[in-house]
Amino acid sequence: MTTLTHRHTRTETDRATGTLRAGSALMALAGLAFIGYAVIFFIRDFTDSFLELGIGRAQVDVGKTQIRAFSPELYDYISHLHIAVSGFIAATGLAVAALAWFGVRHGHLWAWVTAVAAPVLGLAVALPAHYPFHFDTIGHLGLIYLATAVFIVGALLSLKPLLTARKTDSTRPTGT
């Protein structure tokens, strides 16, 4: 009977470990996707596209040349915002990927909480402004939504094994 129980527990542990690794890998992959989006965002600032991915004449009726002609200072200001925002998106992606790969994958609940909180904060601040001004195109937000969906799946997959391990650890006697 003990052997059966031991095998059952080991199978559950192996399954939980596999789920934790899969979930943390998806979270890390999404973090890398955030970095990829930031790179696209950054590069477009220095091309004729200038405006963000998925934003065209339907959303903004002037382009790089017209903005620069209207006000070189405004053009410089918009350009610096593109660069700064791309940096913050990339930094968040790097933090999420590192927390997921080195913290969540090793069973640290604090890493999961931090990895989830960082993009949630960024998206909670950034996304609402897209809708009243009609910048909510699929071309503009689609890649971020896709990366976020992958991230959510990973976060949900990894949460149960993290909580189960935490519960198991809290029921063990101290000092053993």
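Reader: Where is the place of Phe50?
Author: Phe50 is in the loop between α1 and α2. Keep in mind that this is a predicted model.

Reader: Is Phe50 buried or exposed?
Author: Phe50 is buried, with a relative accessible area of 1%.

Reader: Which other residue has a positive phi although it is not a glycine?
Author: His134 does, with a phi of about 65°. His134 sits in the loop between α4 and α5.

Reader: Buried or exposed, that His134?
Author: His134 is exposed, and its relative accessible area is 57%.

Reader: OK, aromatics. How many aromatic pairs does a search of the whole structure find?
Author: The search finds four aromatic pairs. One of them is formed by Phe50 and Tyr75, which are stacked, with 4.7 Å centre to centre and 25° between the planes.

Reader: Which parts does the pair of Phe50 and Tyr75 tie together?
Author: Phe50 is in the loop between α1 (2-45) and α2 (64-70), while Tyr75 is in helix α3 (residues 72-103), so the pair links parts that lie 25 residues apart in sequence. Tyr75 is buried, as is Phe50.

Reader: What sits over the ring of Tyr75?
Author: The charged end of Arg68 does, 4.1 Å from the centre of the ring. There is also Trp101, whose ring has the charged end of Arg105 over it, 4.1 Å from the ring centre.

Reader: Let me step back. How many helices and strands are in the secondary structure?
Author: The protein has five helices and zero strands. From the N terminus on, the order of elements is α-α-α-α-α.

Reader: And how much of the protein do buried residues make up?
Author: Of the 176 residues in the protein, 31% are buried.

Reader: Which residues have the most contacts inside the largest nonpolar core?
Author: That core has 16 residues, and those with the most contacts inside it are Met27, Val104, Trp112, Val116, Phe151, Ala155 and Leu162. Two or more residues come from each of α1, α3, α4 and α5.

Reader: Which helix gives the most to this core?
Author: That is α4, with five residues. As background, nonpolar side chains in soluble globular proteins tend to be buried together.

Reader: New topic, pockets. How much space lies in the largest pocket?
Author: The largest pocket holds about 910 Å³ of space. Its lining comes to 29 residues, and Phe41, Glu52, Val85, Ala126 and His130 are the ones nearest its centre.

Reader: How do the residues of that lining divide?
Author: In the lining of the largest pocket, 23 residues are nonpolar, five are polar and one is charged.

Reader: Which helices each supply at least two residues of it?
Author: Those are α1, α3, α4 (109-126) and α5 (138-171). The largest share of the lining comes from α3, with seven residues.

Reader: Last one. Where is Ala25 found?
Author: Ala25 is in helix α1. Ala25 is partly exposed, with a relative accessible area of 30%.

Reader: What separates the C-alpha atoms of Ala25 and Ser158?
Author: A distance of 9.3 Å separates these C-alpha atoms, although Ala25 and Ser158 are 133 residues apart along the chain.

Conventions:
Residues numbered from 1 in each chain as written. Predicted model: local features only at pLDDT ≥ 70, side-chain atom pairs only at ≥ 80, totals over all residues. Heavy atoms only, no water. Phe/Tyr/Trp six-rings, centres within 6.5 Å; stacked < 30°, edge-to-face > 60°. Helix = DSSP H or I, 4+ residues; strand = E, 2+ residues; numbered from the N terminus. Buried < 20%, exposed > 50% of the residue type's maximum accessible area, 1.4 Å probe, protein only. Lys NZ or Arg CZ within 6 Å of the ring centre and 35° of its normal. 1 Å grid on protein atoms, 1.4 Å probe; cavity = no way out; pocket = protein on both sides within 12 Å on 5 of 7 lines; lining within 4 Å. Points joined across faces, edges and corners; volume = space filled by probe spheres on them. Nonpolar A, V, L, I, M, F, W, Y, C, P; charged D, E, K, R; others polar. Core = buried A, V, L, I, M, F, W, Y, C linked by side-chain atoms within 4.5 Å.
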